[in-house]
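I opened a new model today.

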Amino acid sequence: MLYVHVGLNVTNLEESMEFYTKIFGKQPVKVKEGYAKFLLEQPGLNFTLNKSDKVVGNQVGHFGFQLASSEDVIKHKERLEREGFFARDEMDTTCCYAVQDKFWVTDPNGNEWEFFYTKADTDNHSNKGPNSETVTCCIN
């Protein structure tokens, strides 16, 4: 099995463990002082939380899960809303040269997670705003 590994610095380990337990729908497989590890088969992900005294800014643009259908997007959105999350919708939007249905949630340290389904490719990078200005996508 090939796992993608993401090691994330967090300021409050317990709060972050609670957030990611809900996001992944799984408990961490290892919890030590200042450390928690989630190991997910689907998707193949080795995801660790590392306590840090200070986390400044978001060192990445965002994280995300590519889903198999728009129905899956809605299913995960409803699941996370039942867990108490606020989900920001972007349905039928153009972003990164694709038409997508998606929503976003934010972890306790400000890292954004995108749950998305790509409906079609497009030659446009993003939607146009009301005054024909380009709306920035995937950089939140």
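I began at the turn: β6 and β7 form a hairpin with two residues between them. In that turn, Cys96 has a positive phi of about 55 degrees. Strands here are DSSP runs of E, at least two residues, and helices are runs of H or I, at least four, numbered from the N terminus.

The model is predicted, so I noted its terms: local features need pLDDT of at least 70, side-chain atom pairs count only at pLDDT 80 or more, and totals for chains, interfaces and linings use all residues. Residues are numbered from 1 along each chain as its sequence is written, and side-chain values use heavy atoms, without hydrogens and water.

Next I checked the pairing (two strands pair if DSSP finds at least two bridges between them). β6 and β7 (residues 98-106) run antiparallel, joined by six bridges. Thr93 stands opposite Gln100 in β7.

Then I took the whole sheet. It is open, with four strands in the order β5-β8-β7-β6, and the pairing is mixed. β5 (63-66) and β6 stand at the edges with a single partner strand each, so one side of each has no neighbour in the sheet. β5 pairs with β8 (residues 112-121) in the parallel sense over four bridges. There, Phe65 stands opposite Phe115.

Last, I looked up Ala87. I found Ala87 in the loop between α2 (70-82) and β6 (88-95). Is Ala87 buried or exposed? Ala87 counts as buried, because its relative accessibility is 9% (buried is under 20%, exposed over 50%, partly exposed in between, with a 1.4 Å probe and protein chains only).
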